[in-house]
Amino acid sequence: MNILTGIIYLIVAPFAGGLLAGIDRKITARMQGRQGPPILQPFYDVAKLFTKQNAVVNASQNVFIFFYLFFNVFTGFLFFSGQDVLLVTFALTLSGIFLVLCAYTVNSPFSSMGASRELAQIMSYEPAVMLSAVGFYMVKDSFSVAEIVGGNLPNVIYLPGVFAVFLYILTIKLRKSPFDISTSHHAHQEIVKGVTTEISGPSLGIIEITHWYETILIWGFVYLFFGFDSVWSLPIFAVAFVIIFLMEILIDNSSARVKWQGMFKTSWFLTATIAFLNLLVISIFM
Amino acid sequence: MSFIKKSPWIIHYDGTSCNGCDIETLACLTPLYDVERLGVVNTGNPKHADILLVTGSVNEQSAPVLWQIYNQMANPKVVVAIGICALSGGVFKECYNVKGGVDTVLPVDVYVPGCAARPEAIIDGVAKACEILQQKLDHEREKKRTRKAVKNNG
């Protein structure tokens, strides 16, 4: 874990993220009995978006979109170069806030509604992310990513409750049903496309690319629960990744969207009970 | 190399259709036809869409809405009229409130006939629309190049 892995992340993440999105769409289609688009479809989509006219509603939206991308990439770089996990969570939230600002600044009712819901989503998942960081500190006595993925045993053995709650909010972070309330990958919901309603052409392309960066960062965060000093940590994570990825798609396809109140109450309740009890037990026995 | 033909995003607007053509249009998204395998996404948002599908004739009330949707779409864009009502007004042509086909309001690029238009015909129309999208994109690039050349020489 050093600067080099950070630089590799900067180069590889958009390709890996786009590929994951393509595989996701393919599996989704197969689950619905359809053939589905080619796996490279997300890349075609973004390449097309860059050939379209850039209709900007409010000039300041460009600034916010740039910072959304910048802070996302910056966060990923910090994370993959093994820096402080607390700083990573804060910088990631900041990047999310820039997306919300971008949605508010265009002054469209759909976009504003999406922005409010995006804020509700941030509010719902943030405590669980913070508690995971605290959990890592209690187990490995360090906030540094490089040290969290070290040690004799993977963190998930100490933090099963925190991990379970993290999986719950992972659905929010990946914008999957039942928690795709601020914007959805699928067409036709009551707030059109939520936060990205008024964003078109190349700007939308940049948001897509940012989303790919973010996806890889989130899966990197999942790796924190499985990483330890052994050649087995990667195979174990690979198996866990495949299972979690398929489960996310299954849940996405088999559940309807909930109201934001439902998302907020359940995620805070689970964080305050399961994750908190997990940390309590650790603080007593470690 | 351009990808506009590989990722046509669609918005569907119902002028005053009887829902026959709407059902056939949405049938294209079902597992039987599955247009998503061609990269088609039904966006439901004019700002993201490349192709505007219009079903039904246009009347005094739906004309401004249609115009608004068309103006919100980013260039290059293509309009596809689906079904006989969208082509000419069909049996409603003589009604006091009906303006006629979609081309009385917007420049239509592809006409898909039928009552109701078959999903196969609609998919064929969208494929044609993709080619026109490509032409429009090439045309825009040519214009840009010419403008640049004129600027540099003058």
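Reader: What radius of gyration does chain A have, and what would a compact globule of 286 residues have?
Author: Chain A has 19 Å, which agrees with the value near 19 Å for a compact globule of 286 residues. The radius is taken over C-alpha atoms, and the globule rule is 2.2 Å times the number of residues to the power 0.38. Keep in mind that this is a predicted model: local features need pLDDT of at least 70, side-chain atom pairs count only at pLDDT 80 or more, and totals for chains, interfaces and linings use all residues. Residues are numbered from 1 along each chain as its sequence is written, while chains are lettered from A and ligands numbered from 1 in the order in which they are written.

Reader: How much of chain A is buried?
Author: Buried residues are 44% of its 286. A residue counts as buried if 20 or more other C-beta atoms lie within 10 Å of its own, exposed if 12 or fewer, and partly exposed in between, with C-beta atoms placed from the backbone.

Reader: Can we zoom in on one helix? What does H4 of chain A pack against?
Author: The buried residues of H4(A) pack against helix H3 (60-80), helix H5 (109-140) and helix H6 (145-148) of chain A. Among those buried residues are A:Val88, A:Leu92, A:Phe98 and A:Tyr104.

Reader: And how far apart are the ends of H4 in chain A?
Author: The end C-alpha atoms of H4(A), residues 85-105, are 31 Å apart, which agrees with the 30 Å its 21 residues should span at 1.5 Å a residue. The expected span is 1.5 Å times one less than the number of residues. Just after H4(A), A:Asn107 takes a positive phi of about 65 degrees.

Reader: Switching over: how many helices and strands does chain B have?
Author: Chain B has four helices and seven strands. Its radius of gyration is 17 Å, close to the 15 Å from the globule rule for 154 residues, so chain B is as compact as a globular protein of that length.

Reader: Which strands make the sheet in chain B, and in what order?
Author: Five strands form an open, parallel sheet in the order S2-S1-S3-S5-S7 in chain B. Strands S2 (41-42) and S7 (110-112) are at the edges with a single partner strand each, so one side of each has no neighbour in the sheet. Two strands pair if DSSP finds at least two bridges between them. S1(B) and S3(B) are joined by five bridges, and B:Tyr13 stands opposite B:Val54 in S3(B).

Reader: What about B:Pro8, is that buried or exposed?
Author: B:Pro8 is buried, with 21 other C-beta atoms within 10 Å. B:Pro8 sits in the segment before S1 of chain B. The C-alpha atoms of B:Pro8 and B:Ala127 are 9.1 Å apart, though 119 residues separate them along the chain.

Reader: Last one: how many residues of each chain are in contact with the other?
Author: 20 residues of chain B are in contact with 25 residues of chain A; contact means that the C-beta atoms, placed from the backbone, lie within 7 Å.

Note on methods: Contact = placed C-beta atoms within 7 Å. Helix = DSSP H or I, 4+ residues; strand = E, 2+ residues; numbered from the N terminus.
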